[in-house]
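Hello,

Here is the structure we talked about handing over.

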Amino acid sequence: MAGDLILITGVSGYVGFKTLILALEAGFTVRAVIRKAEQASKLQAYARVAPHMDNLQWVVIADLSDTHSFIPHLVDVTGILHIASPVAIEVLFIPEPDRYEANPLQSGDYDRDIIDPASNMTLSILNAAHRSPSIKRVVITSSAITLISFAWMFGPAPASPDLTLFTADDINSNIAGPYGSSIEAYFASKTLSRIATRKFMEEEKPEFELVNLLPTVVFGPDELAKDAPGLVTSGNYLALGPFLDVNVPQMMGATVHVDDVARAHIDALKPSVQGNKDYILSSDAPDGFDWEGAQNYVGKSFPEAVEKGTLKLGASLSARAWRLDIRETEKGFGWKFVSFEETLKELVGQYLKLVAAEKE
């Protein structure tokens, strides 16, 4: 394991960069895929990457849907961590008075820009791995949203509590278009990509094993964030927004620490973790997080920030209850997920440090 050569896609992103760091610190030699050569100098300048340059190789692949672009770079590679996504659905910081706003991909052709690229990129990796005899295992970043439909998550709340317990064997079948928004198309793209992966494994029967990881809403400290606005994006926006007096959209009622997601990718390469299997990544299962309790916990952890008004308490957070069964994940990986309130505390701590640094 340690010392093996692995290839990682998506290293310039939130999850991918943290995975790159943990892989290097674990002793792997990493062939890191970037789409532009100039990304290398920026990423290797970070403090946790710089000491490991002897074990880091940069590979530029502009089109990740091209199988032939990958094949030369898989020589002697034993494992692939495919984290890259063709679509970034993010929430970005913008100037006052609005401060924050959702910034989903705007597209007039959801199939061309969202649906097809997701499946094509994944199949490109799988086909390249199939032609590379050194590959023992491929780990793919899928999503827990493949378990449920868009309407289930964002439709009208049920009259009574939904006690459905979702497992990693579930997969949403309600994915037919037309799609009403780019985010709805994004939901479908993740599911269609997961279905395509299953079909590939059944039909091609490759020598390597596959692990599909299904994270819920990923949030937590961001290694790439250099200022407070840069931290408040995506899942971090949803978690931090209420403390910043910002109205946030309805949140999925299940989250996972970014470090746990990165750790799971690396551990999924281990023979001790069963291959050809899907694993849900989520904390506080099965019932999800307690927003009021977590908010009080943060308030007690940072009383000065609350007193100064840097953090606002008392805001509500609308979250769709989402019951998930993670027993197979905990059994297979042998560790527990960091809780929502601990993750939130770490995130708020980083935010306050960045705010303080901006005032110096």
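Below is what came out of going through the model.

**Confidence.** This is a predicted model. The mean pLDDT of the protein chain is 91. Of its residues, 94% reach 70 or more. Please watch residues 90-104, where the pLDDT is below 50. In the model, this stretch still has 33 contacts beyond near neighbours in sequence.

**Overall build.** The protein chain holds 13 helices and 15 strands. Its radius of gyration is 20 Å; a compact globule of 360 residues would have one near 21 Å, so the two agree. Along the principal axes, the C-alpha atoms fill a box of roughly 60 × 50 × 45 Å. Buried residues account for 51% of the 360. Take the contacts with a separation of 6 or more: 81% of them join residues 24 or more positions apart. The exposed surface comes to about 16200 Å², and carbon and sulfur atoms supply 50% of that.

**A β-α-β unit.** Look at strand E2 (residues 29-34) and strand E3 (residues 56-60). They pair in the parallel sense, over 5 bridges. Arg-31 has Gln-57 in E3 as its bridge partner. Between E2 and E3 the chain passes through helix H2 (residues 38-43), and this crossover is right-handed.

**Backbone points to check.** Most peptide bonds are trans, and most residues other than glycine have a negative phi. The following sites depart from that pattern.

- Gly-177 and Pro-178 are joined by a cis peptide bond, with omega about 0°. Gly-177 sits in the loop between strand E8 (165-166) and helix H6 (182-204). Pro-178 is in the loop between E8 and H6 too. Gly-177 counts as partly exposed because its relative accessibility is 44%. Its C-alpha atom is 8.6 Å from that of Ala-188, 11 residues apart along the chain.
- Ala-285 to Pro-286 is also a cis peptide bond, with omega near 10°. Pro-286 lies in the loop between strand E13 (277-281) and helix H10 (291-301).
- Asp-76 is not a glycine, yet its phi is positive, near 70°. Asp-76 belongs to the loop between helix H3 (67-70) and strand E4 (79-82). With a relative accessible area of 57%, Asp-76 is exposed.
- Asn-276 has a positive phi of about 55°, and it is not a glycine either. Its place is the loop between helix H9 (258-267) and E13.

Best wishes

Note on methods
Residues numbered from 1 in each chain as written. Predicted model: local features only at pLDDT ≥ 70, side-chain atom pairs only at ≥ 80, totals over all residues. Heavy atoms only, no water. pLDDT = per-residue confidence, 0-100. Contact = heavy atoms within 4.5 Å. Pairing = 2+ DSSP bridges. Helix = DSSP H or I, 4+ residues; strand = E, 2+ residues; numbered from the N terminus. Right-handed = clockwise from strand over helix to strand, strands pointing away. Rg over C-alpha atoms; globule rule 2.2 N^0.38 Å. Buried < 20%, exposed > 50% of the residue type's maximum accessible area, 1.4 Å probe, protein only. Areas by Shrake-Rupley, 256 points an atom, 1.4 Å probe, with all protein chains shown as cover.
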